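I opened the notebook on this structure today. I wanted the chain contact and one of the sheets.

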Number of protein chains: 2
Amino acid sequence: MLSKQSIENIRVFALGGVGEIGKNMYIVESDEDIFMIDAGLMFPEDDMLGVDVVIPDISYIVQNKERFRAIILTHGHEDHIGALPYILRKVNVPVYGTKLTLGLVEDHLKEKGLRKKSDLRLIDEDSRIKAGQIPISFFRVNHSIPGSLGVCIHSPQGIIVYTGDFKFDQTPVDGKFADIDKLSHIGKEGVLCLLSDSTNAERPGTSPSETSTGEGIKEVFQEAEGRIVITTFASNVHRIQQAIDAARQQQRRIAVVGHSMKKVIDIARDIGYLHCPDELFIDTDKVNDLDDNKVTILCTGSQGEPMSALTRMAKGAHRQVTIESGDTVIIAANPIPGNEKSVSRIIDFLYQIGAEVVYGDRNVHASGHGCQEELMLMLNLLKPTYFIPVHGEYRMQHAHGELAEKAGVDPDHIFLVDKGERIEFDNGKAKQVGKVPSGNVLIDGLGVGDVGNIVLRDRRLLSEDGILVVVVTLNKKNGGIVSGPDIISRGFVYVRESEELLEEANKKVSATLEKCMSENINEWSSLKSNIRDVLSRYLYEKTKRRPMILPIIMEV
Amino acid sequence: MLSKQSIENIRVFALGGVGEIGKNMYIVESDEDIFMIDAGLMFPEDDMLGVDVVIPDISYIVQNKERFRAIILTHGHEDHIGALPYILRKVNVPVYGTKLTLGLVEDHLKEKGLRKKSDLRLIDEDSRIKAGQIPISFFRVNHSIPGSLGVCIHSPQGIIVYTGDFKFDQTPVDGKFADIDKLSHIGKEGVLCLLSDSTNAERPGTSPSETSTGEGIKEVFQEAEGRIVITTFASNVHRIQQAIDAARQQQRRIAVVGHSMKKVIDIARDIGYLHCPDELFIDTDKVNDLDDNKVTILCTGSQGEPMSALTRMAKGAHRQVTIESGDTVIIAANPIPGNEKSVSRIIDFLYQIGAEVVYGDRNVHASGHGCQEELMLMLNLLKPTYFIPVHGEYRMQHAHGELAEKAGVDPDHIFLVDKGERIEFDNGKAKQVGKVPSGNVLIDGLGVGDVGNIVLRDRRLLSEDGILVVVVTLNKKNGGIVSGPDIISRGFVYVRESEELLEEANKKVSATLEKCMSENINEWSSLKSNIRDVLSRYLYEKTKRRPMILPIIMEV
């Protein structure tokens, strides 16, 4: 058994996942040991132009890597595992997860050539591990992906519980209930602090059971006469199972379209999470050989992604399948915030080609996150002394804090933390003890963190009004214009239709240069800023636009 | 009375407002006459980078302007009046609207220097006008702005009805009900075709009364102990009235912050749509002289616009008022699709500074558009022979079409039209008769239509990976490099952190040029495309990014 002293003082903080939806990453730290729970990514905000994904700033971990012991993954969603490859490149420690989680992680690591170097360790809800000196156990929760866990950190001051993403499903598809009995035992043992999922903290009531979506899907299958195309999140194995069951019941064969859908189905069947006979599946190129009412197409694209299987099949850009009038398309997913427009565009497009579209309120989607009643149940089972609402934007954390108050948590014991803000537990008492470096690391192509505010500012400027490059060659000796000025514009105006404007701009530049020369202003930086000012003012007056102006002066 | 012959053949089509939310514009055309109902704008989609607003393509109207007789505006929202200034510059005809509509229009026209040239004509629900030979009457509807009308076009074949934006409010704030009696008379006279608002065609039930939001607002006013900040759409005069009433009841004075809010309140008080004593209002700089519980701030910014009064007050960027802990902020509006993220950001920010925020499900907003029960009521009152669902994306038109079928309209008589698709009525029978030019005209600064696909494509490329300008000066005689190559990057990478990459890129360009010279390739276009290819390949390999590459070759 560990000595009390070694983890007397314990600190908890988030490097991501608070004040935002996405890139979940929570850190537990004692004087000897540090470990990480979840290592998620986030998709870029609208103003992060050209950025592919965003991960948390882990410089604190890198600086303290001699104490860094483990990464624990609660489940296999991108916003909990997606940053892993970037982290393992900098700090290689054992990674713990359940079967499906590790299956998905393996695939990611293979892609990045990191599989062999990584130390992946399988756990389940009954595992007990140690991160350095800190004992850790787990409990099962329900969520929109199988094999989801919550985490208990056993400190001598009491247990610190992190729920992961969770809901309480009273009729789970695989019959595996969230561990209410275990949770009530943990509560009795004494919970020092609870970190709990705030995603649906603003929603009253209870999140519908995953099973209810199966009923919704079955209904559509019973009614449809033509082909059925169904899309959901590839990782939602339970929903995929229910779609498969509905297809079987109606004697329909299934073609799987889309890389990530195929991948997850392979992994899930491999590890026994998905049950279906081989002969149910057909190759996509055989779809047209069957009668329409014998066909189901299970595909990616529930978020309206332009390159996804669904969009390509709808637009006639898929090699083997084209969605046609008479087909029924089930979108068994809600738009993730920010994707509303692209989802609505694909729905519109499907209606226009004459397909029947089933989405939204037709009972074919259920959230994987518990609503207020479930969050209250978690609070009441665990009766934590301290409470840190996580997973969510600030207003969701705030709403969750109010629920905790209702559940009897002392308002002074509720911490609505921002990224990097450390809560220290010492002798059973918690206090805030400063902030570690934290923030967004932007990944664009192969570049990790080489796109920052200046680059983004330039991209924003360029995206709004384009760029004008002004090139002029000057005589090294007398400063006279040897050639140019030439003005090249991109993303500003149609050159064809704005010849006059650009000609006039050209004259302004020449005049400015001559004026500078006559006043003996011949430092390049002054010349450039003069050109920029004159041109900027002129163009704004004429067009009310502010293109980026890039003067280039050559000397010969 | 008009001769039957003159409007025997009548055509109806939309130049905007179908297949989309926004820029409503409907055209009615006989062989002699054309008129327009509504002239709206739309805010740009995400992929219309740098564009300020979007209006419909009216080239068909301009081409046929000798027959163009009138513009009728159903109400004063931007998506029904915002394109007017651009249209009047090209075709100047009388503009009809109710008091508030014309008040708002006047203000727009003044801004653009068009007021004096314009012929604005006041109408109300009992007016009867003629557009050329075509008689037109009106009926009152409920909507989120006072003075909203529907339009009846009286043709010998039957009446063509356009609802405008509408709901049926059983407890309207101003006691003015939608004209159910008149509608039922119109229905008895015989409706040839109905064009009806599809915005909420997917929502079951009935839209809540505007009065219910007043109750929600009043409740918040009764509970709040500090200052109250309330924001809504500036044009929602009824909601503003209810906020004013709530403030009066609690003996709070009101400061109005934000240009458009001030403007609408002035206009609405002027024309008697808004009732409140002068002494209720205080200057914004007097706010801090009063006790907190005596203050209401009525402001713009319900959509989280970064430059709005609400955002500036929240961020401490407003000269006179700063929102503080203890203030209650009521956001009495829903986010318009596409604004969800910016609204959620301002809510988060307000919570973080300690303000109480009231929004969403707290009964402080009601849609101005009727839901399914109301749409059914309209259909049942008018019993149209033909039906054209308008105002909405295609899936909303589709849902509205299904409602019309339920209401007994022959499915073959329902037209789900796209922009420009003309429906012709001849001898009481309708058919589709081709398409007129239609589409988006993008307005960026002062430019109308000078930003098109190529400019947008360039802006998109620039926004994703930035630009690299490569400048080199060659000797005119022997093609040798006189100076450069110099590489300047914007929005691509931090130069400081990528010196090696850019140096190597530089060498590649020099090598390419030398190779070209040795092979006697010396046409500029070939040199440029060689530079572009080599550099593009190299940068993609190193960074997986594709910046725009702009080679500039000078000769001396």
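My entries below take the interface, then a sheet of chain B.

**Entry: the interface.** I kept in mind that this is a predicted model. I looked up the contact and found 66 residues from chain B and 66 residues from chain A. Together the two chains bury about 5,300 Å², with 57% of it on carbon and sulfur atoms. I then asked which three residues of chain B supply more of its buried area than any other three. They are B:Arg395, B:Tyr494 and B:Met554, at 11% of the area that chain B buries against chain A.

**Entry: polar links.** I counted 8 salt bridges between chain B and chain A. I looked at A:Glu45 and B:Lys341, whose side chains meet in a salt bridge at 3.8 Å, N to O. Residue pairs in polar contact come to 20. Several elements give two or more residues to the side of chain B that touches chain A, among them helix H10 (340-352) and strand E25 (548-555) of chain B. H13(B) gives the largest share, 9 residues. I sorted that side of chain B into 25 nonpolar, 17 polar and 24 charged residues.

**Entry: the sheet.** I traced an open sheet of 8 strands in chain B, in the order E7-E6-E5-E3-E2-E1-E19-E20, with mixed pairing. E7 and E20 of chain B each have a single partner strand, so one side of each lacks a neighbour in the sheet. Neighbouring strands are turned by 25° against each other on average, direction ignored. E1 and E19 of chain B run antiparallel, joined by 4 bridges. B:Asn9 has B:Asp426 as its bridge partner in E19(B). Helix H4 of chain B lies across E6 and E7 of chain B, at about 165° to E7(B).

How values were computed
Residues numbered from 1 in each chain as written. Chains lettered and ligands numbered in written order. Predicted model: local features only at pLDDT ≥ 70, side-chain atom pairs only at ≥ 80, totals over all residues. Heavy atoms only, no water. Contact = heavy atoms within 4.5 Å. Buried area = accessible area lost by both parts, 1.4 Å probe. Salt bridge = Lys/Arg side-chain N within 4 Å of Asp/Glu carboxyl O. Polar contact = N/O pair within 3.5 Å; in protein donor to acceptor, adjacent residues only side chain to side chain. Nonpolar A, V, L, I, M, F, W, Y, C, P; charged D, E, K, R; others polar. Pairing = 2+ DSSP bridges. Axes fitted to C-alpha atoms, helices over the stretch in contact; angles between N-to-C directions.
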